[in-house]
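This note is written for a reader who is new to structural models and who wishes to follow the features point by point. Please keep the sequence and the structure in view while reading.

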Amino acid sequence: MLLSFPFIRRQVRNLGVSLLFVSVATGLWYWQEQDVRDQLSWMGVPTWDTLGFTNFHRVLRNDGTLIGWSDLRVNPLWVSYQLREIDDPHSGPRPNFKRDWRTLWPIAPESYFGSGYDRGHLAPNYAIATVHGRTAQTQTFLMSNISPQRPDLNRKLWQRLEEIVIDHFVARFGVVEVITGPVFPPAFLDNVFNRVGLVEVPQAFYKIIVVPSKQPKALAFLMPQTVQGNEPLDRYLVSIDEIEARTGLDFFSLLPDDVETGLESSIREQGWDLKQVARLPSRY
């Protein structure tokens, strides 16, 4: 049966209207979602100094956390969250690890078994549980929040840093913003086959802690996979500029340029009282 020209014209018009509706709805959703993301990440989500195929990532939103997920590296490139002082802090039982359906590749909880690497949390279990609740805690056990860490890093030095952030810095300042993530070698091909299953193995990890205010202060740490675990935490202090140089990320891009430069260009320990806790032993 031949279709008449008016019929085809009506169908094309209807299709055009549908595409216009989808485009407008998608645009509205994108801008609304961007607004939510900006509220969850102080001074904007991390962006890139220069674009490249290794930089492409998708932002996954969980309760209390944002994750910049890379389907190429099969890793979170950054995780952002806020911690604040709680009157009666407590957490529920430790959840089980679970796959995240939003990731392109099927990363299962057992993917790391026998690899020599721990399933290292980026948004930490206890701190997120006490501040953001049970649902947020279970979401920290999604494999999209996990990156391969050597046991001496994950169970000792990294755990010690997570502990002083929630127990010392939050208690001292009331509110802190945290951005954390992995660091990879500068040349993608140099590390492309260094993987646990599908997941690329980082060579180091960073954590940036900011006290948000009119005159913000920040500390930044960069910890290699090769640590023994009993080192003092202040040995791994770096400037935010160094982390940006190692990762290609641009943090806090919504800050005025002069404030951003002052915050990121040097290491300023004053006011943090880090020496008091830098040598505390790990729980393990």
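1. Setting aside neighbours within four places in sequence, aspartate 234 has contacts with Leu274, Lys275, Ala278 and Arg279. The model in which these contacts are found is a predicted one. Aspartate 234 itself belongs to the loop between β11 (217-224) and β12 (237-238). Between aspartate 234 and arginine 279 there are 45 residues in sequence, while their C-alpha atoms lie 8.6 Å apart in space. Is aspartate 234 buried or exposed? Its relative accessibility is 14%, so aspartate 234 counts as buried, the limit for that class being under 20%.

2. The structure has one cavity of 30 Å³ or more, and the volume of the largest cavity is about 50 Å³. Its lining consists of Ala218, Leu219, Ala220, Val238, Ser239, Ile240, Leu263, Ser266, Ile267 and Arg268. β11 makes the greatest contribution to this lining, with three residues.

3. For the second largest pocket, the volume is about 290 Å³. It is lined by 18 residues, of which Thr54, Asn55, Arg73, Arg246 and Thr247 are the closest to the centre. At least two lining residues come from each of β7 (175-183) and α6 (240-247), and α6 gives the most, with three. The lining of the second largest pocket is made up of 12 nonpolar, four polar and two charged residues.

4. Arginine 73 lies over the face of phenylalanine 184, 4.4 Å from the ring centre. A second example is arginine 150, whose charged end sits over the ring of tyrosine 117 at 4.1 Å from the centre of that ring.

5. Eight aromatic pairs are found in a search of the whole structure. One of them joins phenylalanine 173 and tryptophan 272 in an edge-to-face arrangement, with 4.9 Å from centre to centre and 65 degrees between the planes. This pair connects distant parts of the chain: phenylalanine 173 is in helix α4 (residues 151-173), whereas tryptophan 272 is in the segment after α7 (257-264), 99 residues apart.

6. The last point concerns helix α2 (residues 125-132). How many of its eight residues are buried? Six are buried, and the helix is accordingly described as mostly covered. The buried residues are Asn125, Ala127, Ile128, Ala129, Thr130 and Val131. They pack against β3 (65-70), β4 (75-84), β5 (118-121), α3 (134-139) and α4. Just after α2 comes glycine 133, with a positive phi of about 100 degrees.

Notes:
Residues are numbered from 1 along each chain as its sequence is written. This is a predicted model: local features need pLDDT of at least 70, side-chain atom pairs count only at pLDDT 80 or more; totals for chains, interfaces and linings use all residues. Side-chain values use heavy atoms; hydrogens and water are left out. Rings of Phe, Tyr and Trp (its six-membered ring) pair if their centres lie within 6.5 Å; planes under 30 degrees apart count as stacked, over 60 as edge-to-face and the rest as tilted. Helices (H or I, at least four residues) and strands (E, at least two) are DSSP runs, numbered from the N terminus. A charge sits over a ring if NZ of Lys or CZ of Arg is within 6 Å of the ring centre and within 35 degrees of the ring normal. Buried means under 20% relative accessible area, exposed over 50%, partly exposed in between (1.4 Å probe, protein chains only). Contact means heavy atoms within 4.5 Å. On a 1 Å grid over the protein atoms alone, a cavity is a set of points where a 1.4 Å probe fits but cannot get out, and a pocket is an open set with protein on both sides within 12 Å along at least five of seven lines; lining residues have an atom within 4 Å of a point. Grid points are joined across faces, edges and corners, and a volume is the space filled by probe spheres set on the points. Ala, Val, Leu, Ile, Met, Phe, Trp, Tyr, Cys and Pro count as nonpolar, Asp, Glu, Lys and Arg as charged, and the others, Gly among them, as polar.
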